[in-house]
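Have a look at the model first, then read on.

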Amino acid sequence: MTTDPQQAPWRPEDATSRRSFWEDAHHGKDVDSVSWWQSVPELSLDLVDRTGVGKDAGVIDVGAGWSTLVDHLVERGFTDVSAVDLSRTALDTVRERIGTAGESVVLEVADVLDLAMGRTYAVWHDRAVFHFLTEEDERDDYRASLDRHVEPGGWAVVATFGPDGPTTCSGLPIVRYTHADLAAEFPGWALVDTSGDDHETPWGTVQQFTAVLLRREG
Ligand SMILES: C[S@@+](CC[C@H](N)C(=O)[O-])C[C@H]1O[C@@H](n2cnc3c(N)ncnc32)[C@H](O)[C@@H]1O
């Protein structure tokens, strides 16, 4: 993992400031005004495909923001799709966009560091959330949420900035990962496949992403 010694000093360090920061990051904004926007989340869809799960498998997108992943999963016939995020605005945008086709999609304001959905899923998806966790205790909380919410033999897709990616995201310091370093963050999970892409932001700059497909052992 690579951290930047020049990284910005401020970051939200508790649940209240996290929620307020991320609500502000979305409120009053256009979907394509954020660097992570993509109209088709090809990397994510490809990795979900690689799990080979059936269309009735439970899939949760954590820190979904206003990503179109849930729209595309519904379009592909997935019937048990959930997404959580700290920003009510982001999830309201998704609810409005998916309309009646996505009525069954569960959208909840929740903190992935303290997630309590009361059920398990076959697939956990995270694009650009884990990399904000610069502190070990936050990563411990994330792993505890992951382990509580994925069934034995279930899958996790985790995508972060790669070793040549930016050192901040949304103005916050992040941790950049190689595939090996990212997989090593998840003991009890086997590395099944790797991927990555050079994400082009809406204003044309490029951000290197690292992605891993993990399978829960036992
Ligand atoms: C960089 S954006 C990525 C959004 C989306 N995954 C995508 O790829 O378009 C990070 C998202 O994670 C959400 N987020 C950040 N920390 C979170 C947390 N602790 N729990 C839930 N959501 C969080 C933010 O509100 C934001 O929508």
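## The whole chain

The protein chain exposes about 9,600 Å², and carbon and sulfur atoms supply 47% of that area (Shrake-Rupley method, 1.4 Å probe; for residues, only the protein chains shown count as cover). This is a predicted model, where local features need pLDDT of at least 70 and side-chain atom pairs count only at pLDDT 80 or more, while totals for chains, interfaces and linings use all residues. Residues are numbered from 1 along each chain as its sequence is written, and side-chain values use heavy atoms, with hydrogens and water left out.

Six helices and nine strands make up the secondary structure of the protein chain (DSSP runs numbered from the N terminus: H or I of at least four residues for helices, E of at least two for strands). The C-alpha trace spans about 45 × 40 × 35 Å along its principal axes. For 218 residues a compact globule would have a radius of gyration near 17 Å, and the chain's 16 Å agrees with that (taken over C-alpha atoms; the rule is 2.2 Å times the number of residues to the power 0.38). Buried residues come to 52% of the 218 (buried means under 20% relative accessible area, exposed over 50%, partly exposed in between, with a 1.4 Å probe and protein chains only). Of the contacts with a separation of 6 or more, 71% are between residues 24 or more positions apart (contact: heavy atoms within 4.5 Å).

The largest nonpolar core has 43 residues, and Trp22, Val53, Leu73, Phe78 and Val105 have the most contacts inside it (a core is a set of buried Ala, Val, Leu, Ile, Met, Phe, Trp, Tyr and Cys residues joined through side-chain atoms within 4.5 Å). Among the elements giving it two or more residues are α1, α2 (42-51), α3 (69-75) and β4 (121-127). Apart from it lies another core, of 26 residues, with Ile60, Ala110, Tyr121 and Leu214 among them.

Phe78 is worth a click: leaving out residues up to four places away in sequence, phenylalanine 78 touches Val48, Val53, Gly54, Lys55, Ala57, Val59 and Leu73.

## Helix α1

Helix α1 (residues 15-26) has 12 residues and should span 16 Å at 1.5 Å a residue; its end C-alpha atoms are 17 Å apart, which agrees (expected span: 1.5 Å times one less than the number of residues). At its start, a side-chain oxygen of aspartate 14 comes to within 3.1 Å of the backbone nitrogen of threonine 16. Just after the helix, glycine 28 has a positive phi of about 75°.

Arg18, Phe21, Trp22, Glu23, Ala25 and His26 are buried in α1. The buried residues of this helix pack against β2 (80-85), α4 (88-98), α5 (136-149) and β7 (172-173).

Why does histidine 26 count as buried? Its relative accessibility is 2%. A polar atom of its side chain lies 2.8 Å from the backbone oxygen of tryptophan 22. The side chains of histidine 26 and serine 87 are joined by a polar contact of 3.4 Å (a pair of N or O atoms within 3.5 Å; within protein, one must be able to donate a hydrogen and the other to accept it, and residues adjacent in sequence count only if both atoms are side-chain atoms).

Serine 87 also caps the N-terminal end of α4, with a side-chain oxygen 3.4 Å from the backbone nitrogen of threonine 89. The buried residues of α4 are Thr89, Ala90, Leu91, Val94 and Ile98, and histidine 26 touches Thr89 and Ala90, among others.
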